Amino acid sequence: MKILNLTQHDATADQIAAGVLPAGCEKEEVRELLTFDSLPSREWIEAKAQALADVARAHGPLIDAVMIGGAPYLMGPLERALKAQSIKALYAFSLRESGETPDGEGGVRKTMVFKHAGFIEA
């Protein structure tokens with residue numbers, strides 16, 4: 001399966017092994033479309049969702065699905081825009097592994113590692 005990454009984050013090695021394509025030339029455009037610097041109107045949200053769906057559509061038969069993630073208020077409109085173009089949307093599912101390491105100064109440093117564990121279809 002070939003999955004286009006429509007998130008702000010680079011795909012992890014595990015996600016790439018599962019079929020997520022590494023960031024391409026559209027990555028900056030995707031990051032801009034996922035970023036909101038002020039309170040967005042419904043129209044602005046829907047326009048960005050449509051623009052993201054257009055990025056996915058431009059990949060046409062080269063992909064089987066897209067991995068989405070970002071502001072919760074954008075995901076519903078994005079799912080609908082993708083579905084209208086018959087593009088399957090997936091959310092990454094990760095397991096969290098936490099650990100604690102003494103910091104050498106009497107404190108403890110907590111770490112959280114997210115391990116890719118699959119996809120959930122929207």
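Ser-86 counts as exposed, because its relative accessibility is 71%, over the 50% cut-off. Ser-86 sits in the loop between H4 and S3. Its phi is near 60 degrees, a positive value in a residue other than glycine. The model is predicted. The chain holds four helices and four strands. Its largest pocket has about 380 Å³ of space.

**Overall architecture**

- Along the sequence, the elements follow the pattern β-α-α-α-β-α-β-β.
- The C-alpha trace spans about 55 × 35 × 25 Å along its principal axes.
- The chain has 122 residues, and 34% of them count as buried.
- Take the contacts between residues at least 6 apart in sequence: 55% of them join residues at least 24 apart.

**Largest pocket**

- The lining of the largest pocket is made up of 18 residues.
- Closest to the pocket centre are His-9, Gln-15, Met-67, Ala-92 and Ser-94.
- Three strands each supply at least two lining residues: S2 (65-68), S3 (89-102) and S4 (108-121).
- S3 gives the most to the lining, with five residues.
- By class, the lining has nine polar, six nonpolar and three charged residues.

**Helix H2**

- Helix H2 covers residues 27-34.
- Lys-27, Val-30, Leu-33 and Leu-34 are buried in H2.
- Viewed down the H2 axis, these buried residues fall within an arc of 125 degrees, so they line one face of the helix.
- The buried residues of H2 pack against strand S1 (3-6), helix H3 (42-59) and helix H4 (72-84).

**Leu-34**

- Leu-34 belongs to helix H2.
- Leu-34 counts as buried because its relative accessibility is 6%, under the 20% cut-off.
- Setting aside neighbours within four places in sequence, Leu-34 is in contact with Leu-6, Thr-7, Gln-8, Leu-52, Gly-69 and Leu-74.
- Leu-34 and Val-108 are 74 residues apart in sequence, and their C-alpha atoms are 35 Å apart in space.

**Aromatic pair**

- The chain has one aromatic pair.
- The pair is Phe-36 with Tyr-73, and their ring centres are 5.4 Å apart.
- The ring planes meet at 70 degrees, so the pair is edge-to-face. The cut-off for that class is over 60 degrees.
- Phe-36 lies in the loop between H2 and H3, and Tyr-73 in helix H4, so the pair ties together parts that are 37 residues apart in sequence.
- Phe-36 counts as buried, at 16% relative accessibility.
- Tyr-73 counts as partly exposed, at 38% relative accessibility.

**Val-20**

- Val-20 lies in the loop between helix H1 (13-17) and H2.
- Val-20 counts as buried, at 2% relative accessibility.
- Leaving out neighbours within four places in sequence, the contacts of Val-20 are Ile-3, Asn-5, Ala-11, Gln-15, Met-67 and Phe-119.
- Two of these contacts, Gln-15 and Met-67, are also among the residues closest to the centre of the largest pocket.
- Asn-5 is another of the contacts of Val-20. The two residues are 15 apart along the chain, and their C-alpha atoms are separated by 6.3 Å.

**Ala-84**

- Ala-84 lies in helix H4.
- Ala-84 is exposed, with a relative accessible area of 66%.
- Ala-84 and Gln-50 are 34 residues apart in sequence. Their C-alpha atoms are 9.8 Å apart in space.

Note on methods:
Residues are numbered from 1 along each chain as its sequence is written. This is a predicted model: local features need pLDDT of at least 70, side-chain atom pairs count only at pLDDT 80 or more; totals for chains, interfaces and linings use all residues. Side-chain values use heavy atoms; hydrogens and water are left out. On a 1 Å grid over the protein atoms alone, a cavity is a set of points where a 1.4 Å probe fits but cannot get out, and a pocket is an open set with protein on both sides within 12 Å along at least five of seven lines; lining residues have an atom within 4 Å of a point. Grid points are joined across faces, edges and corners, and a volume is the space filled by probe spheres set on the points. Ala, Val, Leu, Ile, Met, Phe, Trp, Tyr, Cys and Pro count as nonpolar, Asp, Glu, Lys and Arg as charged, and the others, Gly among them, as polar. Buried means under 20% relative accessible area, exposed over 50%, partly exposed in between (1.4 Å probe, protein chains only). The arc is that of the directions from the helix axis to the C-beta atoms. Contact means heavy atoms within 4.5 Å. Rings of Phe, Tyr and Trp (its six-membered ring) pair if their centres lie within 6.5 Å; planes under 30 degrees apart count as stacked, over 60 as edge-to-face and the rest as tilted.
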